[in-house]
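Please read the following note with the sequence and the model at hand. It is written as numbered points, each of which can be checked by eye.

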Amino acid sequence: MSTTADDDLAFAPLAEVSRRIKARELTSAALTRLMLDRIARLNPTLNCFITVCADAAMAQAEALDRLLQSGLDLGPLHGVPVAVKDNMATAGVRTTAASRILADWVPDEDATVVQRLKQAGAVILGKTNLYEFAYGGVHEDYGETRNPWNLGRTCSASSSGPACAVAAGLAYASLGTDTGGSVRLPAAACGIVGHKPTYGLVSRAGVVPAGYSLDHVGPFARTVRDTALVLNAIAGPDPRDPAGSRRAAPDVASDLGRGIGGLVIGVPKRQPSELIDPQMHDAFVAALAVLEREGAALVELTLPDHLLSRTAMWAISASELAESHREYLRTRAQDYSPTVRGLVRQGAFLPAVEYVHAHRVRQKIIADYKAVMRHVDVLAMPVVPLPAWPIGAEEVTVANVTENLMGSLTRYCPPFNITGQPAIAVPSGFDHEGLPLGFQIAGRWHEEAMVFRVARAYEQATDWHRRRPPLQ
């Protein structure tokens, strides 16, 4: 097979390779070998995998090929190579959370989402890089994941590795976690699709917590349909997750083609504190125009102050992280990266009254969003104010104003972690340097199918998701 043909196959939609596996045009073993060869060639540059399970992945792929030959088809993910973020437990495979503290931890059992991927027939290629404990900074032992569109730029936020793996054609899908935007932010930075489900729809059992009342596990893929197929495989009740939903998992892939004629899309009014890069803003306005041309009605509305959601998110997540790290902070403080050690200590000394107050603010924000959602089918808003920033930056300039990076990064995503609403990030263009741009669509609680339907209509009317990064 030629290099061009290999690249075409590596960037093919998950749904397409699934069809070809079932038609016996491809084998899972051949696809898995292709992915492993690409990982061996590109990961030294991109740094998106921490652990590659080459032998286990090939054995799994070969076993799945035999199952299919015997007539047993496990579904759309049967034989498809995927990756998981390295804060999700994997039986017999180390799970580091990109930390020195867990560098040698080998779990006895899989996280529920990993179990469900395997039950659906997916091949687990390995464990991907992240911010230490999925919170706030990169540990020097693991290093930064580089953006495949520009190696000097970040992949943005803690799920950098799983997003990069999909964007670079090293996996057909992946799983990440989102506590304040860490699925949607890397999806936008890498030009792919990333979904944060309704809180509790996807089990967090076996996932190293960052903020247990804000954490979500969600899928990455290159198309909306592919992302829906992965969500179908991992969603649903789990007795191992006491905070999980007891609702039956929806089939979000079955309703994608209905179009959006007659739907009402809410567009938030610009807030006084809001800064956004002009190119990002123009791409968002253009995306709204596409949705309108597809038949949706746009309605401007007022949302709670984004700064309020961000402040509540930080207070809640910092306190919850510190609680789960009490013993590590006492006995292993020197093993944290300086950034994460500082954040854990801040959370440990945050007064209990502030944590309680943040939850009271949270309830008010949820009530306000519920009132807004009575009048619209979905909301559309930016994911992040700017494209991927230079690696190592602590400040960024947005609309000619220099501000703290974390403040800029957490402008638009935290509201939906606070409320628990489903939200999906989709590609919406490129800036003048060739960096991806994206926006997000959020819906009512447990109305994933509507969110995916709107995202799919936008995707079908554009071709941003077909672009590939300039990898050599």
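1. Basis. The structure is a predicted model, in which local features need pLDDT of at least 70 and side-chain atom pairs count only at pLDDT 80 or more, while totals for chains, interfaces and linings use all residues. Residues are numbered from 1 along each chain as its sequence is written, and side-chain values use heavy atoms, with hydrogens and water left out.

2. Terms. Helices (H or I, at least four residues) and strands (E, at least two) are DSSP runs, numbered from the N terminus. Buried stands for under 20% relative accessible area, exposed for over 50%, and partly exposed for what lies in between (1.4 Å probe, protein chains only). A contact requires heavy atoms within 4.5 Å.

3. Helix α13. This helix covers residues 352-373, and its 22 residues reach 32 Å from the first C-alpha to the last, close to the 32 Å expected at 1.5 Å a residue. The expected span is 1.5 Å times one less than the number of residues. Which residues of α13 are buried? They are A358, V361, R362, I365, I366, Y369, V372 and M373. These residues lie on the same side of α13, because they cover an arc of only 155° around the axis; the arc is that of the directions from the helix axis to the C-beta atoms. On the other side of α13, the residues A352, V353 and R360 are exposed. The buried residues of α13 are covered by elements including β10 (297-301), α10, β11 (378-382), α15 (414-419) and β15 (436-443).

4. Helix α9. The end C-alpha atoms of α9 (residues 278-293) are 23 Å apart, which agrees with the 22 Å that its 16 residues should span at 1.5 Å a residue. Buried in α9 are M280, A283, F284, A287, L288, V290 and L291. Their arc around the axis is only 155°, so they are on the same side of α9. D282 and R293, on the other side of α9, are exposed. The buried residues of α9 pack against β9 (264-268), β10, β11, β14 (423-430), β15 and α16.

5. Packing of α10 and α12. Two packed helices are described by the angle between their axes and the distance between the axes. For α10 (residues 306-324) and α12 (residues 338-348), the angle is about 100° and the axes are 7 Å apart. The two helices are therefore roughly perpendicular to each other, a term for angles of 65 to 115 degrees. A318, S319, L321 and A322 of α10 meet V344, G347 and A348 of α12.

6. Residue A455. This residue belongs to helix α16 (residues 448-460) and is buried, with a relative accessible area of 0%. Leaving aside neighbours within four places in sequence, A455 is in contact with V224, I424, V426 and I441.

7. Residue A297. Strand β10 holds A297, which counts as partly exposed at 36% relative accessibility. Not counting residues up to four places away in sequence, A297 touches L263, V264 and I265.

8. Positive phi values. Most residues other than glycine have a negative phi. Phi of R24, however, is near 65°; R24 lies in the loop between α2 (14-22) and α3 (28-46). Phi of A157 is near 70°, and A157 sits in the loop between β5 (150-154) and α6 (160-167). A157 counts as buried, at 2% relative accessibility.

Conventions. Axes are lines fitted to C-alpha atoms, for helices over the stretch in contact, and angles run from 0 to 180 degrees between N-to-C directions. Angles under 35 degrees count as roughly parallel, over 145 as roughly antiparallel, 65 to 115 as roughly perpendicular and the rest as oblique.
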